[in-house]
Amino acid sequence: MGDPYILMLVALAVLAIVDLVVGVSNDAVNFLNSAIGSKAISVRNIMIIASLGVFFGAVTSSGMMEVARKGIFNPNMFMFQDIMIIFMAVMITDILLLDIFNSLGMPTSTTVSIVFELLGAAVCISLLKISANDAQSFNDLWSYINHETATKIIFGILLSVVVAFSVGAIVQFASRMIYSFNFEKRATYISALFGGFAITAITYFIIIKGMKGTPFYKDIKHLIEGNTLLIILGSFVAWSLISQVLISTFKINVLKLIIGIGTFSLAMAFSGNDLVNFVGVPIAAWNSYQAWEVSGIAADAFSMGVLAKKVPSNIWLLLFAGGIMVITLWTSSKAQNVIKTGIDLSRQGEGHEKFQPNPLSRVVVRAAMGINFGISKIFPKQMLAFVDSKFQKPVIELPKDKTYELPAFDMVRASVNLIVAGILISIATSMKLPLSTTYVTFMVAMGTSLADRAWGRESAVYRVAGVINVVGGWFLTAITAFLAAAIVAYLISWHMVMIPILLVVVAFLIGRNTLIHRKKSKEVKKQVHIERAELITINGVIEESADHISEVINRVNKLYTNVVNDLANHDLNKLRKTDKHVAKLNEEIDSLKDGVFYFIKSLDETSVQGSRFYIMVLGYLQDVAQSISYISRASYKHVNNNHKNLKKGQIKDLKTIDIALSDLLTKEAAIFENRDLDNLNALLVEKNELLQDVRSSIEKQVARIRTDETSPKNTSLYFSVLLETKDLIKALMSLLETYEEFYLSTKQVK
């Protein structure tokens with residue numbers, strides 16, 4: 001009788017390990033963003049500090065384990081069999097949900113997912129039990145669900161979005177008024193007091209969050225409770241004095257110290273608060289199994305009221321979980337992807353934006369501009385000028401090589417992010433709420449970036465769109481988690497054979513997502529961007545752009561051949577795939593075009609030629625992309641609309657042109673790759689011959705129209721392909737001629 005449940009426990013243990021990996025990949029953004037974004041500490045030291053925090057938090061997480069046991073449902077209303085189905089459904093759903101978000105690089109809340117998964121699975125099993133009992137109705141659902149606690153948790157999570165954003169914005173504005181952007185020039189006592197306040201807040205956070213729930217808290221409980229105010233005041237004085245000594249005597253930047261301690265505390269909070277999201281369910285399942293095994297009662301008759309009692313967590317299990325989290329922290333590429341999203345949305349400077357504007361983001365930005373205009377009319381100009389002076393950014397003299405990458409934001413903002421997030425989480429913890437650390441840290445970061453005027457006219461609509469997408473993703477998480485967990489619970493309750501089937505589906509989807517993510521990561525690494533900062537001279541631009549142009553030519557060559565062959569075979573699926581590759585090429589060239597401002601700024605003062613060359617190359621590349629895009633899209637549309645196949649004569653002419661064009665492009669790509677301009681004249685002759693072939697094909701089609709051509713759609717497509725082919729050839733050869741001109745001019749200068 002016990003064998004199926006032992007197998008379920010084994011499956012839950014494996015799922016817990018997988019969940020830890022995908023969960024940490026998502027939640028690393030919570031405690032690493034501020035330190036990595038500000039570049040206050042080396043990445044290696046940040047990871048060491050965070051790892052220590054994760055370990056310490058793992059030991060102190062036992063108090064939050066009760067959420068998985070009795071926070072969402074009333075365990076005494078369920079039998080052992082029901083509980084195991086609920087827990088299995090929750091773990092399967094959680095892993096899939098988090099892995100999807102990680103693959104997309106979107107931070108989501110593991111707390112929200114686990115809460116709504118427990119709620120969805122419990123509601124499903126409750127409704128099944130009610131439907132099987134004639135004495136019960138839908139109104140009895142509330143006796144199964146711990147709706148008061150669940151409502152309190154959900155309301156707390158939603159409220160945290162508004163509170164975290166507002167408090168972060170207010171504190172950052174006040175901090176900037178004190179510090180401005182020239183914080184190195186502030187009086188030392190200001191930094192000392194700021195350090196005293198910040199480290200006191202973080203210390204209090206560590207005590208409240210870290211000590212409670214540990215076995216040894218009872219030994220010092222009498223020293224802490226009742227003396228909270230005294231402890232806070234004493235800590236503030238002590239840390240302010242220590243900060244003053246560190247600044248004056250040892251010349252230590254106290255902001256770095258704050259960021260280091262803050263990173264440790266948030267890593268500890270993440271592990272302590274969110275570990276329940278990954279291992280709370282399997283541990284509760286193990287406790288349930290132990291109670292049922294000794295009872296001698298059937299699985300469908302043993303009430304799980306035992307879960308309502310407090311059970312201490314196994315310290316070794318928590319440490320093992322902490323170890324997995326630390327390993328994932330150091331090795332997960334998905335974690336780096338999620339971290340990048342958070343930093344991009346809060347960075348101080350301009351740059352490439354990940355998210356596209358949407359109607360709501362445009363409305364929000366226009367409303368904000370209107371409010372800002374109203375404020376400028378209400379407040380005195382002197383006051384506004386004073387405030388503006390605090391937000392004047394210092395001019396930073398970069399080294400001549402310009403390879404130094406500025407931090408996404410300064411250490412003042414990083415410190416505020418950590419302080420505010422730490423205080424808010426400690427308050428929630430003292431209220432026994434499993435607050436979403438993702439919600440708090442992300443919204444604090446967004447509030448501080450808004451108050452810090454990081455969202456300018458050039459970037460606001462993109463940043464707001466990003467925030468809307470992320471927050472919308474959280475609500476989508478809640479809805480999806482509830483429905484998916486309910487469906488999985490129903491499938492398992494229908495027949496236990498669904499468990500291995502669902503586990504195979506989980507393994508397949510995670511493996512598939514991992515392979516797709518690795519493929520995308522490799523593609524990103526392979527992409528050569530000629531806007532790199534080290535290309536500061538005309539020679540550097542020409543050398544690097546030659547490799548990039550060679551790559552584009554080879555891709556265009558392959559795409560053109562694919563379109564011709566797929567059009568000849570009337571193959572819709574292959575044309576669709578080719579069109580996707582063409583769209584990707586267009587996106588890459590558009591990305592280069594969007595970055596032209598930053599590229600030109602990176603060039604040295606003597607490289608005006610480099611700028612001109614770069615702009616001309618981009619123009620020709622855009623012409624090439626537009627031509628191949630039009631050819632691909634027109635061909636796909638023709639086949640998708642089920643129009644007639646091209647005639648044999650038309651296909652023959654296109655394939656002849658394709659062979660000649662392929663030979664021409666192969667030679668042209670080799671010229672760029674090898675920097676060999678000796679055969680340029682011969683290539684120009686081939687170009688003219690190919691253009692003559694295109695003109696001949698056009699004339700043949702005109703003759704066909706006068707004799708036997710009966711399809712206007714075929715004629716339209718054929719002419720479009722030929723004319724765009726002509727433009728494509730001219731643009732590619734213009735690229736070569738431009739390269740020759742600038743390449744030879746640089747050789748003469750030498």
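Reader: Let's begin with charges that pair up. How many salt bridges does the count come to?
Author: Here's the general idea: side chains of opposite charge can pair when their charged atoms come close. Keep in mind that this is a predicted model. In this structure the count comes to ten salt bridges. Take R176 and D410, whose closest N and O atoms are 2.8 Å apart. That pair links distant parts of the chain, with R176 in helix α7 and D410 in the loop between α15 and α16, 234 residues apart.

Reader: Are R176 and D410 buried or exposed?
Author: Both R176 and D410 are buried. For contrast, look at R453 and D388, which meet in a salt bridge at 2.9 Å, N to O. R453 sits in the loop between α17 and α18, while D388 is in helix α15, 65 residues apart. R453 counts as partly exposed because its relative accessibility is 39%, and D388 counts as partly exposed at 32%.

Reader: Which helices hold D653 and K700?
Author: D653 lies in helix α24 and K700 in helix α25, so the pair ties together parts that are 47 residues apart in sequence. Their salt bridge is 3.5 Å, N to O. D653 counts as buried, at 9% relative accessibility, but K700 counts as partly exposed at 43%. Salt bridges can also share partners: R176, D410, R413 and D452 are joined that way into one network.

Reader: Now the rings. How many aromatic pairs does a search of the whole structure find?
Author: A pair of aromatic rings is described by the distance of the centres and the angle of the planes. Here the search finds twelve aromatic pairs. One of them is F78 with Y144, edge-to-face, at 5.6 Å centre to centre and 70 degrees between the planes. F78 is in the loop between α3 and α4, and Y144 is in helix α6. Both of these residues are buried. F80 and W292, on the other hand, are stacked, at 4.6 Å and 5 degrees. F80 belongs to helix α4 and W292 to helix α11, 212 residues apart. F80 and W292 also belong to one aromatic cluster with Y5, W286 and Y289.

Reader: And the surface? Which residues make the nonpolar surface patch?
Author: Y189, L193, F197, F236, V237 and L241 make it, and the patch covers about 590 Å². Helices α8 and α10 each give two or more residues to it. There's also a patch of positive charge, where K574, R576, K577 and K580 gather. K577 is in helix α21 and counts as exposed because its relative accessibility is 57%.

How values were computed:
Residues are numbered from 1 along each chain as its sequence is written. This is a predicted model: local features need pLDDT of at least 70, side-chain atom pairs count only at pLDDT 80 or more; totals for chains, interfaces and linings use all residues. Side-chain values use heavy atoms; hydrogens and water are left out. Patches are made of residues with over 30% relative accessible area and no salt bridge: like charges are joined within 9 Å, nonpolar side chains (Val, Leu, Ile, Met, Phe, Trp, Tyr) within 5 Å. Accessible areas come from the Shrake-Rupley method with a 1.4 Å probe; for residues, only the protein chains shown count as cover. A salt bridge is a side-chain nitrogen of Lys or Arg within 4 Å of a carboxyl oxygen of Asp or Glu. Lys and Arg count as positive and Asp and Glu as negative; His and the chain ends are not counted. The place of a charge is taken as NZ of Lys, CZ of Arg, CG of Asp or CD of Glu. Helices (H or I, at least four residues) and strands (E, at least two) are DSSP runs, numbered from the N terminus. Buried means under 20% relative accessible area, exposed over 50%, partly exposed in between (1.4 Å probe, protein chains only). Rings of Phe, Tyr and Trp (its six-membered ring) pair if their centres lie within 6.5 Å; planes under 30 degrees apart count as stacked, over 60 as edge-to-face and the rest as tilted.
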